[in-house]
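These are my notebook entries on one protein structure. I set down what I looked up, one topic at a time.

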Amino acid sequence: MLITGVIIGLLLIGLVLGYLVRQHKHRQELLAVQAQARTIIAQATKEAQQRVEKIRTDSRRETLAYQQSVKDELTEQQSDIAVREQRRKQREQLMSQVTVRLDDQTAMLDERSQANREQRQGIHVLRDQAEELSTKRDETLAERAGMDAQQAQDTVVQSTEFALKRDRDVEVKALNDNAVANAEKWAKDVVLSATESGPQDLPKEHLEHTVTVPNGEIRSKIIGREGQHIRLLETLTGTDLIFVPDDNSTLFISTHDPIRREVARVALTNLVASRRISANQIETQVENAQRDVNHSLWETGEQTVSLLHVGWMHPDLMKLIGRLKYRTSYGQNVLLHSIEVAQLTGAMAARLGYNSRLARRAGLLHDLGKAIDHEVEGTHVEIGTEFAQKYGEDAVVINAIAAHHGDIEKTSPISDLVAAADAISGARPGARSESVEDYINRLRALEQIANEQTGVSESYAIQAGRELRIIVKPQELDDTAAANLTKEVAQQVEEKLTYPGKIKVTTIRTATAVEYVGDEKKKKKKKKKKAANAS
């Protein structure tokens, strides 16, 4: 029993101690949680204060910015209002000045109307007096001449008409003689004045026929496996692509169509720049190049029409004008030549009192047929005339196109001006040129024709191939044979060669005899005397 009571007592003591320990632990945890809660509350309060302060600062800043913007807007509005007020005052002043001027003009018109009325009344009085005097004159003449009034009047009219015709004939002859005597001088003055002030100095564009390939890798990609890529390019662009033998980095584009050449050049340039060369990429770049070139044709035509101020023009004609940019004639760009002819024609027409806008239009379109003369059968004059008629151009423009090379008769002075401007633009120094290779070949061909003839000693092509001088052997050819040789060479040049302008063939035959008298004999005599004296 005692042990049981002790155990129970110990149990009770353990329970009490456990309870106390648990209460102490619970109190410690509660204090820790309270401290943590106070920390969280303090931190949250601090963050809330910081946020509130930030919100206040941002709000204050935004408020100041809004106030400043409102002030700026008010200032701008006040400035605008002040400007408008000033303009209103200026307009009021102007209106008042205009009113004063109108009043003055009204008063002046009233005065002029009154003066005109008085003059008309005076004219009526003078007319009545003239009719009365004319009647008296007719009656007097009738009485003295023994004829009635109508016969006298007819006699006076006939004599007056005869005198007026004689004076008119004399005046017309004097004016005609003066015009004939000074026509050439006036024409030169007009041409010189138009040449100095008409054409603008436009830069001469060089049309590229080659594309530079940067390295062998790009070259291999362009050629493709077994030449697939380059054949595809040739098929899509309609050109021949040839690598220059001495320079593998230069790809030459060969074709007679300048538009195809430009499409091929643009496509190849884009392919080389992208460095991604495949069949799909080639097709894409060729399509893009065709679209870009077609757009550039229309854009060039529009800029040209706008530059020359020739009025509205059909879009198809503007596209043909753009095609002239890629066409050359003896090295001269046809578009620049057409612009120059248009400016010259307009300047000369303005000085002569003709329609300068119509003249510029005729000058611009005079070589229109050259844009497609390699695609359509016929000369560029016939093609240009046909297209001008198709798109409803003025009859003066059509005649200028058809007659600028003298194919038909010129029916308008503007046609003569276009022909003159065309000759000036093509003949001025530096306007036209040819490649060095063609130039050298032409000179060699001229000299070869001459050297193949019997009795020719030497021949020289001079003045850039415009003159051929032949030196013959006088022992083999006489004067008659030399003349026949000249005709034969001229005929062969005309048959075998294509040449611009005229070529002058000159044959030179000279026979020179040389004799020396006296000098050699005197020297021999002096030598003999010296030898005799020495012996």
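**Entry 1: the largest nonpolar core.** The model I am reading is predicted. I looked up its largest nonpolar core and found that it holds 38 residues. Which members touch the most others? They are Met313, Ile321 and Leu364. I then listed the elements that give two or more residues to this core: helices H6 (279-308), H7 (315-323), H8 (334-352), H9 (356-365), H10 (380-390), H11 (395-403) and H12 (413-427). H8 gives the most, with eight residues.

Entry 2: I looked up the contacts of Met313, leaving aside its neighbours within four places in sequence. I found Val305, Met318, Ile321, Arg361, Leu364 and Leu365 in contact with Met313.

**Entry 3: helix H7.** I asked which residues of H7 are buried. My list reads Leu317, Met318, Leu320, Ile321, Gly322 and Arg323. Against what do the buried residues of H7 pack? I recorded helix H5 (258-274), together with H6, H8, H9 and H10.

**Entry 4: H10 against H11.** I looked up how these two helices pack, and I noted an angle of about 170° with the axes 8 Å apart. Angles over 145 degrees count as roughly antiparallel, so H10 is roughly antiparallel to H11. On the H10 side, the contact is made by Val381, Gly384, Thr385, Ala388 and Gln389. On the H11 side, Ile398, Ile401 and Ala402 take part. Sorted by class, this contact has five nonpolar residues, three polar residues and no charged residues.

**Entry 5: Glu340.** I located Glu340 in helix H8. Is Glu340 buried or exposed? Glu340 counts as buried because its relative accessibility is 12%, and the cut-off for buried is under 20%. I also checked Glu340 against Ile424: the two are 84 residues apart in sequence, while their C-alpha atoms are 9.4 Å apart in space.

**Entry 6: two residues with positive phi.** I looked up Glu226 and found a phi near 55°, a positive value in a residue other than glycine. Glu226 lies in the loop between helix H3 (216-223) and helix H4 (228-237). Its relative accessible area is 68%, so Glu226 is exposed. I then turned to His309, whose phi is also near 55° and positive, again in a residue other than glycine. His309 sits in the loop between H6 and H7. At 52% relative accessibility, His309 counts as exposed, since the cut-off for exposed is over 50%.

**Entry 7: the protein overall.** The protein has 15 helices and eight strands. Of its 535 residues, 28% count as buried. I looked up the contacts with a separation of 6 or more, and residues 24 or more positions apart account for 57% of them. The protein exposes about 37100 Å², and I noted that carbon and sulfur atoms supply 53% of this area.

Definitions and conventions. Residues numbered from 1 in each chain as written. Predicted model: local features only at pLDDT ≥ 70, side-chain atom pairs only at ≥ 80, totals over all residues. Heavy atoms only, no water. Core = buried A, V, L, I, M, F, W, Y, C linked by side-chain atoms within 4.5 Å. Buried < 20%, exposed > 50% of the residue type's maximum accessible area, 1.4 Å probe, protein only. Helix = DSSP H or I, 4+ residues; strand = E, 2+ residues; numbered from the N terminus. Contact = heavy atoms within 4.5 Å. Areas by Shrake-Rupley, 256 points an atom, 1.4 Å probe, with all protein chains shown as cover. Axes fitted to C-alpha atoms, helices over the stretch in contact; angles between N-to-C directions. Parallel < 35°, antiparallel > 145°, perpendicular 65-115°, else oblique. Nonpolar A, V, L, I, M, F, W, Y, C, P; charged D, E, K, R; others polar.
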